[in-house]
Amino acid sequence: MEYRDLGRTGLAVSLLGFGCGNVGGLLIRGTPAERERAVARAVELGVNYFDTAPLYGDGRSEEHLGQALRALRPAVYVGTKVRLAPAELGDVPGAIARSLEASLRRLGLERVDLLQLHNAIVAAPGGRGVPVGTVLEAVVPALVRLREQGKLRLLGVTALGETDAVQRALAARGLDTAQVCYNLLEPSAGVAVPPGFPAQDFAGVLGRARAHGVGVIVIRALAAGALSGTLERHPVAVPTVEPIASGPDYATDVARARRLDVLVREGHAASVVEAALRFAAAGEAVSTVLVGCSSLAQLEAAAAALARGPLPPAALDRVAEAWRGFATRGC
Ligand SMILES: NC(=O)c1ccc[n+]([C@@H]2O[C@H](COP(=O)([O-])OP(=O)(O)OC[C@H]3O[C@@H](n4cnc5c(N)ncnc54)[C@H](OP(=O)(O)O)[C@@H]3O)[C@@H](O)[C@H]2O)c1
């Protein structure tokens with residue numbers, strides 16, 4: 001397993017991070033034995049970052065991760081999140097403190113390594129997401145206070161929402177990490193996309209994070225499974241899922257993913273999933289790539305894929321061709 005600096009935090013994290021979210025769902029809907037085995041195997045493979053949130057399975061992800069950690073006592077880092085409801089924006093410090101206390105109880109920990117804002121970041125109040133002004137003036141100071149109380153070690157955000165607002169948040173001092181959506185169907189965080197590319201333009205947010213010393217945790221590296229090229233979901237996975245920032249729906253993402261089969265036909269990778277993980281891990285800005293798993297086999301495949309290193313230039317040429325096709329034909 002490769003380890004990379006998590007920005008300027010001093011922590012070195014495994015290139016493969018364990019996503020305890022709802023999409024793969026192993027940590028939420030797996031049996032207790034399956035969950036413990038998955039965490040144990042991840043640790044054997046060298047994974048040292050586990051990502052959860054109160055929202056995942058309505059607290060079950062945190063509870064189940066806590067059970068597995070108590071059973072196995074591995075030396076790993078745990079990150080969780082806080083999602084603020086609109087009504088909580090009037091008392092941000094109180095809402096964050098209450099959410100963190102509940103997370104610590106479910107996880108069975110006295111402190112988390114990382115607490116991240118789960119909400120999208122937007123420019124102005126009134127829409128979905130938390131305004132960037134609130135992030136900087138209320139969320140970050142509240143997290144800093146909790147760090148001073150010893151309840152968390154690092155603080156971060158989710159780099160979703162409106163691009164300018166996300167970029168402004170990253171440029172302000174104080175953030176240790178950002179969760180960045182980056183995959184073969186939504187590459188704009190790391191790559192300049194062709195005009196008309198049919199996805200949100202994150203305008204190189206990976207480079208921006210790196211410039212500010214913010215550690216990047218990649219999310220949606222497999223576009224929630226669409227990059228497997230099949231509409232069918234694993235029985236333990238969430239039955240339906242909305243894309244984040246890529247296509248208008250999961251079926252469109254799957255159709256675009258199938259255009260990337262050329263990478264397999266030409267022998268650049270054994271599967272598009274493998275190619276997608278190697279792509280997501282390649283940037284210097286990336287510290288760890290989270291993968292949501294429905295099975296142990298998916299976890300093993302992710303570790304093996306990342307061990308193969310970045311895609312070769314000839315494969316990236318094919319990818320760029322596919323992106324031009326998405327921009328001009330939609331697929
Ligand atoms: N901060 C945020 O707002 C945010 C948002 C999203 C995710 N995250 C974090 O990122 C983590 C991972 O992201 P994600 O769960 O959204 O999605 P993801 O990792 O992009 O995709 C996970 C899905 O990919 C498929 N997959 C995985 N390995 C595979 C393999 N070897 N072969 C074929 N298919 C494979 C599985 O689909 P099937 O189950 O259908 O087989 C799995 O459910 C989450 O657990 C969470 O920790 C954070």
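**Note on the predicted model**

1. The chain holds 12 helices and 12 strands, where helices (H or I, at least four residues) and strands (E, at least two) are DSSP runs numbered from the N terminus. Its radius of gyration, taken over C-alpha atoms, is 19 Å, close to the 20 Å that the globule rule gives for 331 residues, so the chain is as compact as a globular protein of that length. The globule rule is 2.2 Å times the number of residues to the power 0.38.

2. This is a predicted model, in which local features need pLDDT of at least 70, side-chain atom pairs count only at pLDDT 80 or more, and totals for chains, interfaces and linings use all residues. Residues are numbered from 1 along each chain as its sequence is written.

3. Of the 331 residues in the chain, 53% are buried (20 or more other C-beta atoms within 10 Å of a residue's own, with C-beta atoms placed from the backbone). Among contacts (C-beta atoms within 7 Å) with a separation of 6 or more, 74% join residues 24 or more positions apart.

4. Helix α2 (residues 32–45) and helix α3 (residues 60–72) have axes that come within 9 Å and cross at roughly 60 degrees; axes are lines fitted to C-alpha atoms over the stretch in contact, with angles from 0 to 180 degrees between N-to-C directions. That angle makes α2 oblique to α3, since angles under 35 degrees count as roughly parallel, over 145 as roughly antiparallel, 65 to 115 as roughly perpendicular and the rest as oblique.

5. On the α2 side, the contact is made by Arg35, Glu36, Val39, Ala40 and Val43, and on the α3 side by His64, Ala68, Ala71 and Leu72.

Technical notes
Buried ≥ 20, exposed ≤ 12 C-beta atoms within 10 Å, placed from the backbone. Contact = placed C-beta atoms within 7 Å.
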